[in-house]
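Please follow the walk below with the sequence and the model side by side.

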Amino acid sequence: MPELVFFSGTMDCGKSTLALQIEHNRSARGLAGMIFTRDDRAGRGKLSSRLGLVTDAVEVGDGQDLYAHVVDHLSQGGRVDYVIADEAQFLVPEQIDQLARVVDDLDVDVYAFGITTDFRSKLFPGSQRLVELADRVEVLQVEALCWCGARATHNARTVGGVMVVEGAQVVVGDVAQSADEIGYEVLCRRHHRRRTTAATARAAALSPDVLPVSSG
Ligand SMILES: [Zn+2]
């Protein structure tokens, strides 16, 4: 039976690397994939991993019907043996429903990869819909680590290394940033709650007067 599988995790947990591995394994067997992505770090129409691998992908727009896109491709004589949707947290809920329809009506496996929660630890709407609809949810086993060494389960947004909790849900940034730029950092729940990033922990260690206020 074809399946809708949601591979979820924090940033830096290896989602895109696994997506590229699935793509490689299947295309090496002669299968043809349709790869969707949105706002990948390598630019529009790319699926990339931090380890440096990259492949071409279909950049998804706001109102794009993913089911219709697959049907169009098939009706023009193309093959689609499986679908990969990376950065699936950026898809709107309707697009997740369209992916479920690809599985049910076209008998095609769909592998969606996404971050579960945003920088305020709230579910992304696309990820929420995936949790609701997926046949399986796989939490990735490549564990990202907080600066303290604990398992990182939460995504923090930072500005100049300082964690912020206000702002739009989607602002594209990366982990390597200069001062005042928006970046992202994975933290354990304790340090997400205390808003202690690697940079603020380092600053606090250097000057004990500015220890962050503990909220528990
Ligand atoms: Zn920590």
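V60 counts as buried, at 3% relative accessibility, where buried means under 20% relative accessible area, exposed over 50% and partly exposed in between, with a 1.4 Å probe and protein chains only. This is a predicted model, in which local features need pLDDT of at least 70 and side-chain atom pairs count only at pLDDT 80 or more, while totals for chains, interfaces and linings use all residues. Residues are numbered from 1 along each chain as its sequence is written, and side-chain values use heavy atoms, with hydrogens and water left out.

V60 lies in the loop between β5 (58-59) and α2 (66-75); helices (H or I, at least four residues) and strands (E, at least two) are DSSP runs numbered from the N terminus. Leaving aside its neighbours within four places in sequence, V60 is in contact (heavy atoms within 4.5 Å) with F36, T37, R38, L66, L91 and Q95. Its C-alpha atom is separated by 12 Å from that of G43, which is 17 residues apart from V60 along the chain.

Two packed helices are described by the angle between their axes and the distance between the axes. Helix α3 (residues 93-106) packs against helix α4 (residues 125-133) at an angle of about 35°, with the axes 8 Å apart; the axes are lines fitted to C-alpha atoms over the stretch in contact, and angles run from 0 to 180 degrees between N-to-C directions. On the α3 side P93, I96, D97 and A100 take part, and they meet P125, G126, R129, L130 and L133 in α4.

The zinc ion has as its protein donors C146 (SG), C148 (SG), C188 (SG) and H191 (ND1), lying 2.1 to 2.3 Å from the ion; donors are N, O and S atoms within 2.8 Å of the metal (3.2 Å for Na, K and Ca), and water is not among the atoms, so sites may look incomplete. The donor residues are spaced C-x1-C-x39-C-x2-H in sequence.

Finally, E87 has a positive phi of about 55° although it is not a glycine. E87 is found in the loop between β6 (82-85) and α3, and it is buried, with a relative accessible area of 12%. R195 likewise has a positive phi of about 55° without being a glycine, but R195 counts as partly exposed, at 46% relative accessibility.
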